[in-house]
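Subject: Structure for your files

Hello,

The structure is below. My notes on it follow.

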Amino acid sequence: MFTSRENAQRIVDEMKESIHRDINIMDERGVILASTNPARVSQIHGGAQKVLEEGLDQLSIRRPDELEGAQEGINLPICLRGETVGVIGITGDPGEVGVFGSVIKRMTEILLESAWQQERENQLDIARGLFLENWLFSDTLDVAELEMRGRLLNIDVSLPRTVILLRISPSAAKSTRAEELPELQNTRLLQLIRRHIGDDPQNFCAAVHQKILILLHEDSPAAARRLAGRICSEIQGFYQTRVSGGISSAGETCMDLRRCYLEAKTAGRVAAQSGRNQVLFYNDVSLDFAVQSIPPDVRRNLVSLVFSSCTQGEKVEILDTLHLFFKHDGDT
């Protein structure tokens, strides 16, 4: 079948709004796939069968009983990628609806081609996501198999990679867009990101474990930060959401990707805990995690030892300086 029933129904409904006539789309067997008259769906359409069998450019039907399951109107072939895949029919006096024929046919073909491309992109997104999950989480990673599967998806696993991992959370503010935030698997969000990373075919993104994972063929921290900033700004502006995340250090081989993922995940966890819209580098937050792993009583003893020779006023001044340092993300 050249398209889903849902896509075909959406198309005939849109067409009817334009010309105010009932419209049918028939499949390659001449069966009505979608119709603005629900009672006709799944019926045999003799006119469509005649168009398909005889290779006609157009068929006008003037009597309802002229062909099985057909009503008065015109029928034209639907051609996709050089092949006749179905038939579009417009119900009504052929003399009146015939003026719409070529326009409706071409519009239908354009919409079906777009739907086909979208379905193909959806399938690629799913395939990339499964490939990435295997690459990241497989306990027995076979490099030869990984390289072969990567080639099928146009992914060169031997290239150095930087991982950006984004977490998208609904905003506390109520808005239409926040309420309509799609699931991460929804390709609209991936398409938005793909516009920013599309210059290099080895940059790609996928939804993995309810987060957006971006793989960059780029080892420049400054470039990765700029790219993440642009993506986050557009997501926040369009969907009115909160975006946080992490950026890994560069991985040199395919075996480094899991480490890069864990680094980006760690940095993203710190960014999420901050309550702000930000994306942090792993190298910037690893010290924070090291400090947090020290038991509280040891930290207190260490602080007392370091500041043992300071007066109370000096301690307050140092503390204020540290607060300002971290408030401005270490920018002096």
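Are H4 and H9 roughly parallel or roughly perpendicular to each other? The model is a predicted one, in which local features need pLDDT of at least 70 and side-chain atom pairs count only at pLDDT 80 or more, while totals for chains, interfaces and linings use all residues. Residues are numbered from 1 along each chain as its sequence is written, and side-chain values use heavy atoms, with hydrogens and water left out.

The axes of H4 and helix H9 (residues 257-273) come within 8 Å and cross at roughly 95 degrees, so the two helices are roughly perpendicular. Axes here are lines fitted to C-alpha atoms, for helices over the stretch in contact, with angles from 0 to 180 degrees between N-to-C directions; 65 to 115 degrees counts as roughly perpendicular, under 35 as roughly parallel, over 145 as roughly antiparallel and the rest as oblique. Helices (H or I, at least four residues) and strands (E, at least two) are DSSP runs, numbered from the N terminus.

In the contact (heavy atoms within 4.5 Å), H4 supplies Leu 132, Trp 135, Leu 136 and Phe 137, and H9 supplies Leu 257, Arg 258 and Tyr 261. Six of these residues are nonpolar, none is polar and one is charged. The nonpolar class is Ala, Val, Leu, Ile, Met, Phe, Trp, Tyr, Cys and Pro, the charged class is Asp, Glu, Lys and Arg, and the others, Gly among them, are polar.

Next, the sheet. Five strands form an open sheet in the order E2-E1-E5-E4-E3, with antiparallel pairing; two strands pair if DSSP finds at least two bridges between them. Strand E2 (32-35) and strand E3 (59-61) are the edge strands, each pairing on one side only. From one strand to the next the twist averages 25 degrees.

Strand E1 (residues 23-26) is joined to strand E5 (residues 83-91) by four bridges, with Ile 23 opposite Ile 90. E1 also pairs with E2, over three bridges, and Asn 24 has Ser 35 of E2 as its bridge partner. Five residues lie between the strands in the hairpin of E1 and E2, where Gly 30 takes a positive phi near 85 degrees.

Two helices lie across strands of this sheet. Helix H2 (residues 46-54) lies across E1, E3, strand E4 (73-80) and E5, at about 145 degrees to E5. H4 lies across E1, E4 and E5, at about 35 degrees to E4.

Regards
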